Amino acid sequence: MHALRPLLRQSLFNLFAAALACAALLAPRAASAEALLLIEADSGKVLQAENATIPWYPASVTKIMTAYVTLKAVKDGKLTLDTLLTVSPTAASQSPSKMGFRPGTQLTVDNALKMMMVKSANDMAVVLAEGVGGSIDGFSALMNDTAQKLGMTQTSYVNPNGLPADGQITSARDLGILARSFLRDLPEYEYFVHIPAIRFGKRVTGNFNKLIGRYPGADGFKTGFICASGYNLVASATRNGRRLIAVVLGANSGTARAVKAAQLLERGFSQDNLTWLRPSLGTVDKLVPVDASPPNLRDDMCGGHRKRPASDDDDALIAANGGTSGSASATGGEAQVTFFTAGLQPPLMKASELMASAPAAAEPVLVYTGPTRTGTALIAAVAADADQQATPKPRGKKSRVAKKPDAADKPKDAKTAAAKPDAKTAAAAKPADGKSAAKPAGTKHAAAKPDAVAKPAVSGEAAKPAKPKAATKPAKPANNS
């Protein structure tokens, strides 16, 4: 009997330690401006949920539903991927991120979907909405009807791209349901949610989902950002035939959301042998919704403390030592992952290091305007788009700046504006973003015709000296999705 006591004591200690580990992972944390969810794609089983049923502003993860409704229409024979759609003035007027095509431009459903899902182009979302539903309102009705059929009881839509609107609401729970439905109902079109990059003319745009090409097995979905929502991400990955879906809402940077999603996925893949330690959390559709208003993170995300305007195209990478903005919260879960999986499998590279590494090499998918083309016709179409980018760009940029100073998705143009602070036309226009302040075409015109500089177009400006500093202050992109 005495000989058995040490063994019993050790067994009890091991059970106690396992219970503590399980409790630490399952215990609800203090309320924070962030929602997390991890589920199995096939079964809908919930592996982790934090604030998963609190209403949230979806931002551009809205486009998952836009793609779902569009592709369901294709599958049902209402249109095809080759159907030509036309860019309307309403589509062209959408805030960035966008392709920036002029009204009247035509392109296929296939190309519009690729541009929307990779570049998160808000104008392409409206092109698809008008092509399928006739109008933004008509398509929003289709989105809401689909959401109800899928059991997304916390979701409502008023637009197809996720730009700020009071009635545009969802939750991590509902996004998990939507992602599962997409994989289940549209397996033949799954390609659209994991394209690594697109090439339009000479411009290559990588997928804003940083897991693609970095996290082993990553195979979808979509990012989103507006100031009120923070950085959102729905991500999926498959390993050994098992697919998981992670939802992160309200992260403080584009990299932080990717790191958190990678941590969730890694934790899920590492729990295969320890499921008996965890009480069942049920399935995603059984999570109980919370009756509350969505948190508004505008001050945190777009306040004056940020060194540069926030956007969905946040390419600031976390250093390996976790020393950049957002790294503390982004890497805080890594110790838990290491502790939980210690001794069970070889340690994987830290999530922050994975996101800081270069993505795997991948050939960008060609996208273009006009009808479907192949072979030499495709080469000619791509060359034509490239020529159009190179030749009339300055003149087009000047005219667009005068009418719609809303292009906040190209902060590098703000540097151009800062390099030429004496452009009076830029100061007088008081643009809402850095792009409109650059006006390279206007600078050349002023050099050729000095009188045009001395006589501003707006009455009363002659009496006021130019304010060069105005050109160096890019506006906060409240509508950046």
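Student: Is serine 120 buried or exposed?

Tutor: Buried means under 20% relative accessible area, exposed over 50%, and partly exposed in between, with a 1.4 Å probe and protein chains only. Serine 120 is buried, because its relative accessible area is 0%. This is a predicted model, in which local features need pLDDT of at least 70 and side-chain atom pairs count only at pLDDT 80 or more, while totals for chains, interfaces and linings use all residues. Residues are numbered from 1 along each chain as its sequence is written, and side-chain values use heavy atoms, with hydrogens and water left out.

Student: How many helices and strands are there in the protein?

Tutor: Helices (H or I, at least four residues) and strands (E, at least two) are DSSP runs, numbered from the N terminus. The protein has 19 helices and ten strands. Of its 481 residues, 50% count as buried.

Student: Where does UniProt place the feature "active site"?

Tutor: UniProt positions are given in the numbering used here, feature names are shortened, and annotations may be inferred rather than shown by experiment. The unreviewed UniProt entry places "active site" at Ser60, Lys63 and Ser120. These positions are spread over 61 residues of sequence, yet they cluster in space, with a largest C-alpha distance of 7.9 Å. Serine 60 sits in the loop between strand S2 (46-50) and H2, and serine 60 is buried, with a relative accessible area of 0%. Serine 120 is found in the loop between H4 and helix H5 (122-133).

Student: Which side chain does the side chain of lysine 222 make a polar contact with?

Tutor: A polar contact is a pair of N or O atoms within 3.5 Å; within protein, one must be able to donate a hydrogen and the other to accept it, and residues adjacent in sequence count only if both atoms are side-chain atoms. For lysine 222, the partner is the side chain of serine 120, at 2.9 Å. Lysine 222 belongs to strand S7 (residues 218-226) and is buried, with a relative accessible area of 1%. The unreviewed UniProt entry places the feature "binding site" at Lys222.

Student: How are two packed helices described?

Tutor: The description uses the angle between their axes and the distance between the axes. Axes are lines fitted to C-alpha atoms, for helices over the stretch in contact, and angles run from 0 to 180 degrees between N-to-C directions. Here the axes of helix H2 (residues 62-75) and helix H4 (residues 109-119) come within 11 Å and cross at roughly 165°. H2 is therefore roughly antiparallel to H4, a term for angles over 145 degrees.

Student: Which residues in H2 and H4 meet?

Tutor: Contact means heavy atoms within 4.5 Å. Lys63, Thr66, Ala67, Thr70, Leu71 and Val74 are the H2 residues that meet Val109, Leu113, Met116 and Met117 in H4.

Student: What is asparagine 144 in contact with, leaving aside its neighbours within four places in sequence?

Tutor: With those neighbours set aside, its contacts are Ser156 and Tyr157. The side chain of asparagine 144 reaches the backbone nitrogen of tyrosine 157 at 2.7 Å. Asparagine 144 is part of helix H6 (residues 136-150) and is partly exposed, with a relative accessible area of 24%.

Student: Where does arginine 257 lie?

Tutor: Arginine 257 is in helix H8 (residues 254-269). Its relative accessible area is 1%, so arginine 257 is buried. A polar atom of its side chain lies 3.1 Å from the backbone oxygen of glycine 224.

Technical notes:
Parallel < 35°, antiparallel > 145°, perpendicular 65-115°, else oblique.
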